[in-house]
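I am opening a notebook page for this structure. My entries follow the order in which I looked things up.

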Amino acid sequence: MRGLLILCALLGAVLGKEDFVGHQVLRISVADEPQVQKVMELEELEHLQLDFWRGPAQPGSPIDVRVPFPSVQAVKVFLEAHGIEYTVMIEDVQSLLDEEQEQMFAFQARAASTDTFNYATYHTLEEIYGFMDMLVAENPQLVSKLEIGKTFEGRPIYVLKFSTGGNNRPAIWIDTGIHSREWVTQASGIWFAKKITQDYGQNPAFTTILDNMDIFLEIVTNPDGFAFTHSKNRLWRKTRSIMAGSSCVGVDPNRNWDAGFGMAGASKNPCSETYHGKFANSESEVKSIVDFVKNHGNIKAFISIHSYSQLLLYPYGYTTEPTADQDELDQLAKSAVTALASLYGTKFKYGSIIKAIYRASGGTIDWTYNQGIKYSYTFELRDTGRYGFLLPASQIIPTAQETWLALQTIMEHTMSHPY
């Protein structure tokens, strides 16, 4: 086992993967607003190269930050000097990455069908696209693959359509992996796709949904970023677009939508993890969905899936103004998280983005809601901050299973409350 770990580390070095040896993830507890402001000052210090996994929000809400090895002491001294409490959440990021690589390496096998496909490991872009083609070939009456656009680097952007017929029927949209490092989301998306084909005709409640509505599922919403998390930097979040006049790459695709675009809750700095881009829909990965949604015109629920924090969120993120459907969205969120918890006892909080986490502008579901898609939700899947984005593969299937119960709750409600 030790030999395999060393081999993985050596391979990583040879292949030019970014190294995270000695990087720590700190969980910071801020007691009041002045402490929040102090942590925000840290965020502005570019030379520290901090990567906020959960950014500064309101007091009492934990902040998780990956600190590169050369900055660890300086950050701890800063926090201690200002009386700000912290704990070490991840002692050494690289050791978790090594374990993840070792697990993928051990279970690398080309599946002959979606029945023998391994849903309990993380997969590359090629493997996921291969899975999609197998699923379509095995279920031609139910599943088709649409190409809705091309990424900045020229990769196809694929969406799976699940339909039992009819023309432009009311539809449910689900996307996973818009932030490329949130690997449990794409892995859950794969599991959802298989689940849909298994449950249709077997599960009466789900069969009724698909007999009346179509489902669109975009498993890899940020293909360039996802490919980059495998080839170079496991913790890459943004797209891979190149901006004239900046050496920094990529835009946060969840700050690039035309809803409060460029307002507080996104960054105008191209080097920031929350950089909103030069203009709304500048990213082809976002524009492709925008065009698809507008052209379809009959999407009734839109669910965008992220990790981590165990939250179910509804609009808005860019304003404290509640939506016209606040009460219904809140009640449905409560029902969905109750269904989710019924399987493994996993507790999710729920609420509007701005109240439950922080102000965020240019977000997906704020735009979809403003387009008239009432049931617009964002999930933040497991966990609450032991592994963060580096959730062990052993948790993929349980995460997908429990999330599916919440999704089904939202889908059933959408079907039985037409508008």
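In which helix is the place of Val-136? I found Val-136 in helix H5. I note at the start that the model is predicted.

**Entry 1: around Val-136**

I listed the contacts of Val-136, leaving out residues up to four places away in sequence. Val-136 touches Val-143, Ser-144, Lys-145 and Leu-160. I also looked up Thr-114, which is 22 residues from Val-136 along the chain. The C-alpha atoms of Thr-114 and Val-136 are separated by 10.0 Å.

Lys-145 came up again when I turned to salt bridges. Lys-145 forms one with Asp-133, and the closest N and O atoms are 2.8 Å apart. Asp-133 belongs to helix H5 (residues 125-138) and Lys-145 to strand S5 (residues 143-150), so this pair ties together parts that are twelve residues apart in sequence. The structure holds 17 salt bridges.

**Entry 2: two helix pairs**

I read that two packed helices are described by the angle between their axes and the distance between the axes. Sorted by class, the contact of H5 with H6 has five nonpolar, two polar and two charged residues.

The crossing of H7 past H13 is left-handed. H7 contributes Ala-205, Phe-206, Thr-208, Ile-209 and Asn-212 to the contact. H13 contributes Trp-404, Gln-408, Met-411, Glu-412 and Met-415. I recorded six nonpolar, three polar and one charged residues for the contact of H7 with H13.

Strands of a sheet pair through backbone hydrogen bonds, either parallel or antiparallel. I traced an open sheet of eight strands in the order S5-S6-S8-S7-S9-S12-S10-S11, and its pairing is mixed. S5 and strand S11 (349-352) are at the edges with a single partner strand each, so one side of each has no neighbour in the sheet. From one strand to the next, the twist averages 20 degrees.

How do strand S7 (residues 171-176) and strand S8 (residues 214-218) run, parallel or antiparallel? I found S7 and S8 to be parallel, joined by five bridges. In this pair, Ile-174 stands opposite Leu-217 in S8. Helix H9 (residues 284-296) packs on the sheet and touches S5, strand S6 (156-162), S7, S8 and S9. The direction of H9 makes about 125 degrees with that of S5.

**Entry 3: the sheet of four strands**

I then looked up an open sheet of four strands, with the order S2-S3-S1-S4 and antiparallel pairing. Strand S2 (51-54) and strand S4 (85-90) are its edge strands, each pairing on one side only. The twist here averages 30 degrees from one strand to the next.

Strand S1 (residues 24-29) pairs with S4 over five bridges in the antiparallel sense. Ser-29 stands opposite Glu-85 in S4. Helix H3 (residues 72-81) lies across S1, strand S3 (63-67) and S4, and runs at about 10 degrees to S1.

**Entry 4: backbone points to note**

Most residues other than glycine have a negative phi, and most peptide bonds are trans. I kept this in mind while checking some loops.

The peptide bond from Ser-307 to Tyr-308 is cis, and its omega is near 5 degrees. Tyr-308 is in the loop between strand S9 (299-307) and strand S10 (311-314). Ser-309 is also placed in the loop between S9 and S10. I noted a phi near 140 degrees for Ser-309, which is a positive value in a residue other than glycine.

Which residue does a cis peptide bond join to Arg-382? I found Asp-383, with omega about 0 degrees. Asp-383 is in the loop between strand S12 (375-381) and H13.

Conventions
Residues are numbered from 1 along each chain as its sequence is written. This is a predicted model: local features need pLDDT of at least 70, side-chain atom pairs count only at pLDDT 80 or more; totals for chains, interfaces and linings use all residues. Side-chain values use heavy atoms; hydrogens and water are left out. Two strands pair if DSSP finds at least two bridges between them. Helices (H or I, at least four residues) and strands (E, at least two) are DSSP runs, numbered from the N terminus. Axes are lines fitted to C-alpha atoms, for helices over the stretch in contact, and angles run from 0 to 180 degrees between N-to-C directions. Contact means heavy atoms within 4.5 Å. A crossing is left-handed if the near helix is turned anticlockwise from the far one by less than a right angle, and right-handed if clockwise. Ala, Val, Leu, Ile, Met, Phe, Trp, Tyr, Cys and Pro count as nonpolar, Asp, Glu, Lys and Arg as charged, and the others, Gly among them, as polar. A salt bridge is a side-chain nitrogen of Lys or Arg within 4 Å of a carboxyl oxygen of Asp or Glu.
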